[in-house]
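Student: Could we go through this fold together, piece by piece? I'd like to get from the overall layout down to single residues.

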Amino acid sequence: DPARARALLQEAGYAGEQIAIMTSRDPYPVFGRAADAAAAMLRDAGINAVVETVDWPTHDKRYGSNQYQLTLIAFSTRTDPTLMY
């Protein structure tokens, strides 16, 4: 409900600060498409969301060191420890 989200943001005192969604588009184009969709939904709700596209090594490094506001990344669970190799 974008209208309700905007009202809640106003009530919370959100002043339009930019929120960056870090993503990469190569070698996983789906991350970029998902980031674009998420940013559009956030903007509809009144959040100043932008997509920050970086290369995959930068994405992985910044993800691992928590140097991002929001990110799109995927991983699967390992049901057996041998699948880690």
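Student: Which strands does helix 3 lie across, and at about what angle does it run to strand 1?
Tutor: Some ground rules before that: this is a predicted model, where local features need pLDDT of at least 70, side-chain atom pairs count only at pLDDT 80 or more, and totals for chains, interfaces and linings use all residues. Residues are numbered from 1 along each chain as its sequence is written, and side-chain values use heavy atoms, with hydrogens and water left out. Helices (H or I, at least four residues) and strands (E, at least two) are DSSP runs, numbered from the N terminus, and angles run from 0 to 180 degrees between N-to-C directions, with axes as lines fitted to C-alpha atoms, for helices over the stretch in contact. Helix 3 lies across strand 1, strand 2 and strand 3, and its angle to strand 1 is about 120°.

Student: What is the strand order of the sheet, and which strands are at the edges?
Tutor: Two strands pair if DSSP finds at least two bridges between them. The sheet is open, with three strands and parallel pairing, in the order 2-1-3. Strand 2 and strand 3 (70–71) each pair on one side only, so the edges are strand 2 and strand 3.

Student: How many bridges join strand 1 to strand 3, and which residue is the bridge partner of Ile21?
Tutor: Strand 1 and strand 3 run parallel, joined by two bridges. On the strand 3 side, Ile21 has as its bridge partner Leu70.

Student: What angle does helix 2 make with strand 1?
Tutor: Helix 2 packs on the sheet and touches strand 1, strand 2 and strand 3; contact here means heavy atoms within 4.5 Å. Compared with the direction of strand 1, that of helix 2 is at about 165°.

Student: How far apart are the end C-alpha atoms of helix 2, and what span should its residues give?
Tutor: The expected span is 1.5 Å times one less than the number of residues. Helix 2 (residues 29–44) has 16 residues, so it should span 22 Å. That agrees with the end-to-end C-alpha distance, which is 23 Å.

Student: Which residues of helix 2 are buried, and what arc do they cover?
Tutor: Buried means under 20% relative accessible area, exposed over 50%, and partly exposed in between (1.4 Å probe, protein chains only). Phe31, Gly32, Ala35 and Ala39 are the buried ones in helix 2. The arc, taken from the directions from the helix axis to the C-beta atoms, places them on the same side of helix 2, because it is only 95°.

Student: What do those buried residues pack against, and which residues are exposed on the other side?
Tutor: The buried residues of helix 2 pack against strand 1 (18–23), strand 2 (48–53) and helix 3 (56–64). Exposed on the other side of helix 2 are Arg33 and Met41.

Student: Which residues make up the largest nonpolar core?
Tutor: A nonpolar core is a set of buried Ala, Val, Leu, Ile, Met, Phe, Trp, Tyr and Cys residues joined through side-chain atoms within 4.5 Å. The largest one has six residues: Leu9, Ile21, Ala35, Ala39, Ile47 and Ala49.

Student: Where is the cis peptide bond, and what is its omega?
Tutor: Pro27 lies in the loop between strand 1 and helix 2. The bond from Asp26 to Pro27 is the cis one, with omega near 15°.

Student: Which residue has a positive phi although it is not a glycine?
Tutor: Gly46, which follows helix 2, has a positive phi near 100°, but that one is a glycine. The residue you want is in the loop between helix 3 and strand 3 and is exposed, at 59% relative accessible area. With a phi of about 55°, it is Asn66.
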